[in-house]
Amino acid sequence: MPIYLDNNATTRADPAVVAAMLPFFTEQFGNASSTHAFGRDVAEAVKAARKSLAALLGAAFDHEVVFTSGGTEADNTALLSALSTQEGRNEIVTTAVEHPAILSVAEHLEATGRARIHRIGVDATGRLDVEAYQQALGPRTALASVMWANNETGTLFPVAELAQMAHAAGALFHTDAVQAVGKIAIDLKATQIDMLSLSGHKLHGPKGIGALYVRKGTPFAPLIRGGPQERRRRGGTENVPAIIGLGKAAELAAAQMADATTRVRDLRNRLEQGVLQQVGQCRVLGDAQNRLPNTSNIAFEQIDGEAVIHRMNRAGIAASLGSACASGSMEPSHVLRAMAVPAEALRGAIRLSFSRDNGEDEVDQVLQILPAIISDLRSMSAA
Ligand SMILES: Cc1ncc(COP(=O)(O)O)c(C=O)c1O
């Protein structure tokens, strides 16, 4: 059986998610906006899904959840909304290690003269330079946007604290929590976070669905205008089957969070300890104290990560080189460069990311295969 250790790229939809979605392609095909029975039943189901997702986030009101086509749309919406609603403020404070769903929008806004962007750096373990963040905030800041968890290293950012600092400067605060939701407990009521992005396919839900949490009272401008759907915050007929799937995924994540987190962390740690014991000249990247339980980024010195991934793939193990978006290009990841990972390790970093679908037997199989791949590649390059 192939072993899938690329759960930060995407997860397998839970069979219960698929089962919950199916009737909404057939018998329950109505449009949620229709006033007849076909529509009303569907609208009720969408309402229940919104409630499940709001509960997973610890939102105060279900209507703080706005369904989108995914994490990328939610991120785009947050940035553009803040710029258009925060009069007299045209600066965005973000980090050098965000996902392209933030960084490329920021770059575009900068290139077209619509915003000034501050990209705050990180230290060698991926921790944000909080002092520089605070200094960058000011009377011109429309929005601070800092990811909750980094997709490549799993490093967690102190978003509750960062949101307070943004508010003290009169700015809004957004977090890209695409990698955090479903993996760690979140209670938005206890924070000052104004907006949060998430994506269904990272938590065993379907692809092409996500949400933007918008705290009640936060000034908001839609990205996609059209019909009155989502209380006029996102036009377009709702993707009902996917919304139902995301609701189910949220319900399952909430119910299994405590157990799954411990089990997944144990698997990840077992793998890291095994690799560190068996392989020399390698290091685990990221903040050891504040890290997602499922993510491991291991850099092997003097090795080409692409070759490792390729060999692992041939042995039936799926892992990735940095983030899914960065791999395929020969450029080393922007995240690892921001962490100033030394040149000898930069190209040899691979990411292994777990989910509740993985088991101990899989870790043991990887521990039989991966050290041999590394030693083989090293002896080849020595020869
Ligand atoms: C941190 C982060 N933000 C945003 C996204 C984009 O989400 P989606 O694939 O739903 O558009 C991803 C996906 O890899 C991600 O890891």
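Which helix gives the largest share of the shell around the ligand? I looked this up before anything else. Helix H3 (residues 71–85) does, with 3 residues. Helices here are DSSP runs of H or I with at least four residues, strands are runs of E with at least two, and both are numbered from the N terminus.

**Ground rules.** I number residues from 1 along each chain as its sequence is written. The model is predicted, so I note that local features need pLDDT of at least 70, side-chain atom pairs count only at pLDDT 80 or more, and totals for chains, interfaces and linings use all residues.

**Ligand shell.** I found 14 residues around the ligand. Gly70, Gly71, Thr72, His99 and Ser199 come nearest. A residue is near a molecule or strand if its C-beta atom, placed from the backbone, lies within 6 Å of it. The shell divides into 4 nonpolar, 8 polar and 2 charged residues. Ala, Val, Leu, Ile, Met, Phe, Trp, Tyr, Cys and Pro count as nonpolar, Asp, Glu, Lys and Arg as charged, and the others, Gly among them, as polar.

**Confidence.** I checked pLDDT, the predictor's confidence in each residue from 0 to 100. The protein chain averages 96, and 98% of the residues score at least 70. Over residues 323–327 the pLDDT is below 50. Where pLDDT is low, the predicted coordinates should not be read in detail.

**Core.** The largest nonpolar core has 111 residues. Such a core is a set of buried Ala, Val, Leu, Ile, Met, Phe, Trp, Tyr and Cys residues joined through C-beta atoms within 7 Å. Buried means 20 or more other C-beta atoms within 10 Å of a residue's own, exposed means 12 or fewer, and partly exposed lies in between. Leu53, Leu57 and Tyr213 are among the residues with the most contacts inside the core. Helix H8 (residues 240–278) gives the largest share, 14 residues. I then followed Leu57. Not counting residues up to four places away in sequence, Leu57 touches Ile186, Leu188, Leu196 and Tyr213. Contact means C-beta atoms, placed from the backbone, within 7 Å.

**Domains.** The assignment gives domain 1 (3–10 + 257–382) and domain 2 (15–252). Domain bounds come from an automatic or database assignment. Their C-alpha centres lie 28 Å apart.

**Pro219.** Where is Pro219? I found Pro219 in the loop between strand S8 (210–214) and helix H7 (229–232). Pro219 counts as partly exposed because 13 other C-beta atoms lie within 10 Å.

Definitions and conventions. Two residues are in contact if their C-beta atoms, placed from the backbone, lie within 7 Å.
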